[in-house]
There are 2 protein chains.
Amino acid sequence: MNNNLIQTIFARRSIRKYTDKAVGEDEIRTLLEAAMAAPSASNRKPWHFVVVTRRETLDALAERHPYAKMLFQAPLCIAVCGDPGISEHSWVQDCSAATENLLLAVTALGLGAVWLGVYPQQERVAAVREVLGIPGSMIPLNLLAIGHPAEEKAARTQYDETRVRWECW
Amino acid sequence: MNNNLIQTIFARRSIRKYTDKAVGEDEIRTLLEAAMAAPSASNRKPWHFVVVTRRETLDALAERHPYAKMLFQAPLCIAVCGDPGISEHSWVQDCSAATENLLLAVTALGLGAVWLGVYPQQERVAAVREVLGIPGSMIPLNLLAIGHPAEEKAARTQYDETRVRWECW
């Protein structure tokens, strides 16, 4: 068994406090490679990524999203966007799998991140669309605040046997 | 950098051919622990898992889902189900993240799997609901066919720079 990977899955926690250190371009590239390795329905890959490091844009996102105050400190935000035009039924699922890959890669690199939901809350979609100039044919699914962690959280599984049925419901 | 994890993300491929060997209970437990370590909106954990190993049930799923013929051979199927009652807006995203964690754990254990979409195709939802006895308040999101791999696929990223924008769209 590759315990290393399983432990990284348990170690991925929502990290909302970051140091001032920037995330390197090589690290950003690795995060995006991990995201795009996700499965998608009929391998349509209905995802796009907007990488934000400009302080004024990060601040604008923090001001416009109700739960994104940590973007005032974070050195990096990646907005995961979906293209319903090429995968009407599955873009949310596919982009969510890509997001989880990205968050696990964040953990593997020793970085920290938190998933900030955008879609389907229409006021958040409109705000992110306006700040980042996202065209009407694309939909921002989430914002990922990313940085070098300034808080620690213990690994965990949250396994709950009441959520498991055997053979049938 | 934890290259091991990044390489496992690249090594996760859709595996549709399996040997006869059963998947062990300890392995199934690890897969479910990985799934439930996923993030969810407000940590609501809107997921349930139906674990199927009975041949007649696997065959019934293979017969009723249009792209699930590999379940005639697979020794294991896990149906990931969502509970919209506790997370109306985010259950698809949360259950998709849990699914991706489970698929990465499959890869880490040396197993192989493929994600078979169910929701939102209503005829598939109805068929899976009927075969597995899933109550009306829950929605089957997907079926995961799992086994010991009888085919090999190369690791890959699918990185595409045209899907990346810098600072704004």
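## Helix pair α2(B) and α4(B)

In chain B, the residues B:Thr30, B:Leu31, B:Ala34, B:Ala35 and B:Met36 of α2(B) meet B:Ala98, B:Asn101, B:Leu102, B:Leu104, B:Ala105 and B:Val106 of α4(B). By class, this contact holds 9 nonpolar and 2 polar residues, with no charged ones. The model is predicted.

Two packed helices are described by the angle between their axes and the distance between the axes. Here α2 (residues 25-36) and α4 (residues 91-108) of chain B pack at an angle of about 145°. Their axes are 7 Å apart. The crossing of α2(B) and α4(B) is right-handed.

## Contact between the chains

Chain A puts 62 residues in contact with 62 residues of chain B. On the chain A side, the elements that give two or more residues are α1 (3-11), α2 (25-36), β1 (47-52), α4 (91-108), β3 (112-117) and β5 (164-166). α4(A) provides the largest share, 11 residues. The chain A side divides into 34 nonpolar, 18 polar and 10 charged residues.

Strands also pair across the two chains. β5(A) is joined by 3 bridges to β1 (residues 47-52) of chain B, and the two run parallel. A:Trp166 has B:Val51 in β1(B) as its bridge partner.

## Helix α5 in chain B

α5 of chain B spans residues 122-132. Its buried residues include B:Arg124, B:Ala127, B:Val128, B:Val131 and B:Leu132. These five lie on the same side of α5(B) because they cover an arc of only 110° around the axis. They pack against β1, α3 (55-64), β2 (76-82) and β4 (139-147) of chain B.

The face of α5(B) turned away from the buried side carries exposed B:Gln122, B:Glu123 and B:Glu130. B:Gly133 follows α5(B), with a positive phi near 70°.

## Helix α5 in chain A

In chain A, α5 (residues 122-132) has A:Arg124, A:Ala127, A:Val128, A:Val131 and A:Leu132 as its buried residues. Their arc around the axis is only 110°, so they sit on the same side of α5(A). What covers them includes β1, α3 (55-64), β2 (76-82) and β4 (139-147) of chain A.

A:Gln122, A:Glu123 and A:Glu130 are exposed on the other side of α5(A). Just after the helix, A:Gly133 takes a positive phi of about 65°.

Technical notes. Residues are numbered from 1 along each chain as its sequence is written. Chains are lettered from A and ligands numbered from 1 in the order in which they are written. This is a predicted model: local features need pLDDT of at least 70, side-chain atom pairs count only at pLDDT 80 or more; totals for chains, interfaces and linings use all residues. Two residues are in contact if their C-beta atoms, placed from the backbone, lie within 7 Å. Helices (H or I, at least four residues) and strands (E, at least two) are DSSP runs, numbered from the N terminus. Ala, Val, Leu, Ile, Met, Phe, Trp, Tyr, Cys and Pro count as nonpolar, Asp, Glu, Lys and Arg as charged, and the others, Gly among them, as polar. Two strands pair if DSSP finds at least two bridges between them. A residue is buried if 20 or more other C-beta atoms lie within 10 Å of its own, exposed if 12 or fewer, and partly exposed in between; C-beta atoms are placed from the backbone. The arc is that of the directions from the helix axis to the C-beta atoms. Axes are lines fitted to C-alpha atoms, for helices over the stretch in contact, and angles run from 0 to 180 degrees between N-to-C directions. A crossing is left-handed if the near helix is turned anticlockwise from the far one by less than a right angle, and right-handed if clockwise.
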